Amino acid sequence: MPKVQQKETVSEETKNEQIYNMVDDLVKKSHVALDKMANFTQEQVDRICEALATAGEQHAYELAKMAVDETGRGIVEDKITKNLYASENIWNSLRHEKTVGVIEEDKEQGLKKLAEPVGVIAGVTPVTNPTSTVIFKSMIALKTRNTIIFGFHPQAQQSCVRTAEILEAAAEAAGAPKNVIQWIPEPSMQATSDLMTNPGIQMILATGGPGMVKAAYSSGKPALGVGPGNGPSYIEKSANVERAVYDIVLSKTFDNGMVCASENSVVVDDAIYDQVKEEFKKWNCYFLNKEEIKKFEEKFIDPRRLTVAGPVAGRSAVKIGELCGVQVPANTKVIIAEYKGVGKAYPLSAEKLSPVFTLYRAKDAKDAFKICHDLLNYGGRGHTAGIHTENQKLIDQFADEMSACRILVNTPAALGGIGDLYNNMTPSLTLGTGSYGANSMSHNISAHDLLNIKTVAMRRDNMQWVKVPSKTYFEHNAANYLKHMPNVSRFFIVTDEGVAEKGFADEIADIISKRRGKKEYEIFKAVSHDPTTDVIQDGVHRMNIFKPDVVVAIGGGSVMDAAKAMRLFYENPEMTFAESYQKFLDIRKRTVRFPKTNDLQLVCIPTTSGTGSEVSPVAIIKDAKTGIKHTLCDYSLNPDVSIVDDQFVAELPAKLVAWSGFEALGHAIESYVSTMATDFTRGWSLEAAQLIFDNLEASYKGDQEARKRMHNASTLAGMAYANAFLGLEHSIAHTVGSTFDLPSGVSDAVALPQVIRFNAKRPEKLAMWPHYSVYRADKDYANIARSIGLSGNSDAELVEKLVQKIIDLAHAVGIQLAYKDYGIDKTSFNKAVANLAVEAYGDQNTVTNPVAPLINQIGLLMQDCYSGKGIN
């Protein structure tokens, strides 16, 4: 009989030796890379880090979706924000920090400080914030010329590996040596332990569960770790209750409460307790009854660790209810348990890492302080404590008495604790708890890791601004300004064939010809309806030959957008098109920097009344290779001079009057409700909206006075959106219009009623900007309605009347309000809508929409736009 081959088994000892050798090989490769980086300059290091930031932004959606799909935890849209934060905000905070060579010098004292890398770093990452933590730790490691080897959480291995692969490739492409970023390919406790204890590791960055962090501190190596967060938040009787509740719901729903700084318990003064409770109910928060609380205590808490059970963390409120045997409404945002005790006998008083918190009723401030103190002592010492109050003396007292390293004032704790978004703390995704929580650092990771630093972070609004062209000329024949424009002599006139055929470019040339002294001009009339990168390159080539000192754009939005891009790339030939359309959360903190000043002046003269491009920092350019339209946005794109001369729209065809009019109306309404709207911009928005409602139909029918007012309205709306930005209507209009070749005004008109109705309902997901402290879109829409003479018994009634007014106006000027009415095949639309929703979510305008939309909600809105839902 043939012998049966015995399967060879590997002994435990042999297996452990193989793991050690694998880890040791990674460490040796890392030291080779470390040596190669030792002599890198600050410029080389910063180039590599900027490449990491750019790669993180470019792949933010892909990595977020991978993380949610793999771990089953969190929300894709919020993980996108985390990835953008780890790329943009972190890099912005590091951009100008010196980390190479001499970083500080005091000649009077004779002191000089030099920076040297600590060496090879072991990076341990959590399941809660997997991809963003990889971006963050890679960036701070390479900024200081260190190399890093990761041990990823097994439940997030695939998404973390993909993140590291992207970052490693970006770093190498930017000049980094091979193996600056590495990782353990097959995760295990043994492999991670071998990594942390390997003799070649100089420091450990540990973010994870208590066991892993303790192992890091027990490794014999310098370790920067974190502690658990069981942070309370106190709503004191003087607080702005609406804002406090909004902040807490925003915080607890952000990525399903997985940021360790988020509120685990809320303590409320007796005097306002009932008011606060009702406010939470308005936001679809579900209060457990006594029997449901008992079920939660059994299923929600891990009896061994006395904290949230593994399967529960990071799930939605509805899913958690299901796991714990409690049925909650499908629209539940947060689950709340009213509680009276703290400690082991009160299981739900522990850390929760989910959209669940306990609510405590305090007799007074003294009692509230005691409850908060007890909560911190039960698993949260050193992390974060929040207070909502208008009493500065109480803030000082709270900061003094709480054993927490982050004292957050009038702030959503999850977004406040990580720094930068709602305060000026150092942005970080690794939050130390100091000696309170057995940590070596007491702040968001920085250089001061031998001190306990207690930080009181006051909420702050972003500094706002109004930026418009330095000069705007209007009224009939305003173009004659070019006859006297100072300090220029070489005019590069940008236009298109249609405008040129009307003789407008020649008219500008005639005005220039009448200038005194030396003057030359060249006409470039090759701009297409949707200007492409090829057209821009052609224009830049012509400019390089002609050497202008001023660009004059005369035409519609396409012409003015093309001129902006031509000037940008003419003056900045090293900038790539991909860099120019990088998305940002905050225009002042973007990864890719635009020029601060322009030597070449830009004059914009609109020949349509809709785009507002003559006063905006925006240009929409199509990639000639992919066919995708991209939005370029930066204040360096702003024209220097705008000329709003109604002679150029006197003979505009009626359909263009209608289309451009609705584009301007979209600008006016969306800028008014934007999260970046201010007292300065809303006046422009409102005046523009009133002018459009009063004059569009008459302008459509040929009334020249109405046409002049519409031309002014378009510019006013452009000034508003240039400073307040727009919203979801434009995101949908851009993506659908680009894909199915619809005129921009038509796609705007179709989307506008649907988006207003969506934004006017209490949001499922809350918008995230300090300046936009409380949801107000419903009231803003109602205010627009009142300003145009509509009346109603409630804001909801006024909003619907505004929608009907828009519908009636569209029909009066020949615009149908369903995409299906423009020959778009339903099958083709349905096939494309999922990708279009993702693209619209990524549009820059979505960032400032008053409701933070989910991707699936955008898809449903697009379907409503296709069918014309609710349009009479």
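Me: Which residues make the nonpolar surface patch of about 270 Å²?
Reply: In this predicted model, that patch is formed by Val466, Val468 and Phe680.

Me: Where does Val466 lie?
Reply: Val466 is in the loop that connects β17 (455-458) with β18 (471-474).

Me: Moving along, in which loop is His484 found?
Reply: His484 sits in the loop between β18 and β19 (490-494).

Me: Is His484 buried or exposed?
Reply: The relative accessibility of His484 is 60%, so His484 counts as exposed.

Me: What separates the C-alpha atoms of His484 and Leu798?
Reply: A distance of 49 Å separates them, and the two residues are 314 residues apart along the chain.

Me: Now the helices. At what angle do α13 and α14 pack?
Reply: Helix α13 (residues 365-377) packs against helix α14 (residues 392-401) at about 30 degrees, and their axes are 11 Å apart. The two helices are therefore roughly parallel to each other, as angles under 35 degrees count as such.

Me: What is the handedness of the crossing where α13 passes α14?
Reply: The crossing of α13 and α14 is right-handed.

Me: And how do α24 and α29 pack?
Reply: Helix α24 (residues 728-740) and helix α29 (residues 855-867) have axes 11 Å apart, at an angle of about 70 degrees. With that angle, α24 is roughly perpendicular to α29. Their crossing is right-handed.

Definitions and conventions. Residues numbered from 1 in each chain as written. Predicted model: local features only at pLDDT ≥ 70, side-chain atom pairs only at ≥ 80, totals over all residues. Heavy atoms only, no water. Patch = residues over 30% accessible without salt bridge, like charges linked within 9 Å, V, L, I, M, F, W, Y side chains within 5 Å. Areas by Shrake-Rupley, 256 points an atom, 1.4 Å probe, with all protein chains shown as cover. Salt bridge = Lys/Arg side-chain N within 4 Å of Asp/Glu carboxyl O. Helix = DSSP H or I, 4+ residues; strand = E, 2+ residues; numbered from the N terminus. Axes fitted to C-alpha atoms, helices over the stretch in contact; angles between N-to-C directions. Parallel < 35°, antiparallel > 145°, perpendicular 65-115°, else oblique. Left-handed = near helix turned anticlockwise from the far one by under 90°. Buried < 20%, exposed > 50% of the residue type's maximum accessible area, 1.4 Å probe, protein only.
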